[in-house]
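Dear colleague,

Please find the structure below. My notes on what was found in it follow directly after.

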Amino acid sequence: MSNKERIILGIDPGTTIMGFGLIKCTGQHMELLQIDELILKKYTDHYLKLQKIFEHTIYLIDAHHPDEISIEAPFFGKNVQSMLKLGRAQGVAMAAGLSRQIPITEYSPKKIKMAITGNGNASKEQVARMLQNQLTLKKLPDNLDGTDGLAAAVCHFYNSGTTTVAKSYSGWDSFIKQNESRIKK
């Protein structure tokens, strides 16, 4: 890995809380730039929530100019409605990045937990404490969604330059090409 400086935006998508973290990487060194949560509970309209996610992601991109985005892929649960909402939240965050031509990589929750703690079944609290130690965070976010977003960024840092099964998109053409079988013609 070169000593070139780069910024990674990590996102934990959600329609109740979207967590995010930004790190600056130089060689093998990473530095925390920001960690926070976008609270969406106060909005009752699902489409307004999606708009807020898109707008906030664009704001983060324009304010920090990340070189790459790492996003947590939805886990497969039993509640189909929850999965649809989570997939939409992830989709609008990805669309924001793609609209600015920023490469996006998805990681499964297990892969992120494994990268941070060495245990793919670690709890949110274990991930948060490990990140707190690695990046000397003074205070953890209230809901730990922020640390989940930060964990996505740190996972991407650890996996940079390695072969990974995560999906990466460098723009709309790349996204469409990798998802042709899912797109109806």
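How do the residues of the lining of the second largest pocket divide into nonpolar, polar and charged? They divide into 11 nonpolar, 6 polar and 7 charged; here Ala, Val, Leu, Ile, Met, Phe, Trp, Tyr, Cys and Pro count as nonpolar, Asp, Glu, Lys and Arg as charged, and the others, Gly among them, as polar.

Please note that this is a predicted model, in which local features need pLDDT of at least 70 and side-chain atom pairs count only at pLDDT 80 or more, while totals for chains, interfaces and linings use all residues. Residues are numbered from 1 along each chain as its sequence is written, and side-chain values use heavy atoms, with hydrogens and water left out.

The pocket

The second largest pocket holds about 440 Å³ of space. Of the 24 residues that line this pocket, Asp12, Pro13, Glu72, Phe75 and Leu86 are the closest to its centre. A pocket is an open set of points on a 1 Å grid over the protein atoms alone, where a 1.4 Å probe fits, with protein on both sides within 12 Å along at least five of seven lines; lining residues have an atom within 4 Å of a point. Grid points are joined across faces, edges and corners, and the volume is the space filled by probe spheres set on the points. At least two lining residues come from each of helix 2 (80-99), helix 3 (109-117), helix 4 (124-134) and helix 5 (145-159). Helix 2 gives the most, with 4 residues.

The overall fold

The protein has 6 helices and 6 strands; these are DSSP runs numbered from the N terminus, with helices (H or I) of at least four residues and strands (E) of at least two. Along the sequence, their pattern is β-β-β-α-β-α-β-α-α-α-β-α. Of the 185 residues in the protein, 48% are buried (buried means under 20% relative accessible area, exposed over 50%, and partly exposed in between, with a 1.4 Å probe and protein chains only). Among contacts (heavy atoms within 4.5 Å) between residues at least 6 apart in sequence, 62% join residues at least 24 apart.

Individual residues

Glutamine 90 is in helix 2 and counts as buried because its relative accessibility is 7%. Leaving aside neighbours within four places in sequence, glutamine 90 is in contact with Pro13, Ile71, Glu72, Ala73, Pro74 and Glu106.

Threonine 57 lies in helix 1 (residues 46-64) and is buried, at 0% relative accessibility. With neighbours within four places again left aside, threonine 57 is in contact with Ile11, Met18, Ala93 and Ala96.

A search of the whole structure finds 1 aromatic pair. The ring centres of phenylalanine 157 and tyrosine 158 are 5.7 Å apart and their planes are at 50 degrees, so the pair is tilted. Rings of Phe, Tyr and Trp (its six-membered ring) pair if their centres lie within 6.5 Å; planes under 30 degrees apart count as stacked, over 60 as edge-to-face and the rest as tilted. Phenylalanine 157 is buried, at 4% relative accessibility, whereas tyrosine 158 is partly exposed, at 34%.

Most residues other than glycine have a negative phi. Histidine 65, in the loop between helix 1 and strand 4 (68-72), has a positive phi near 50 degrees and is exposed, at 55% relative accessibility.

Yours sincerely
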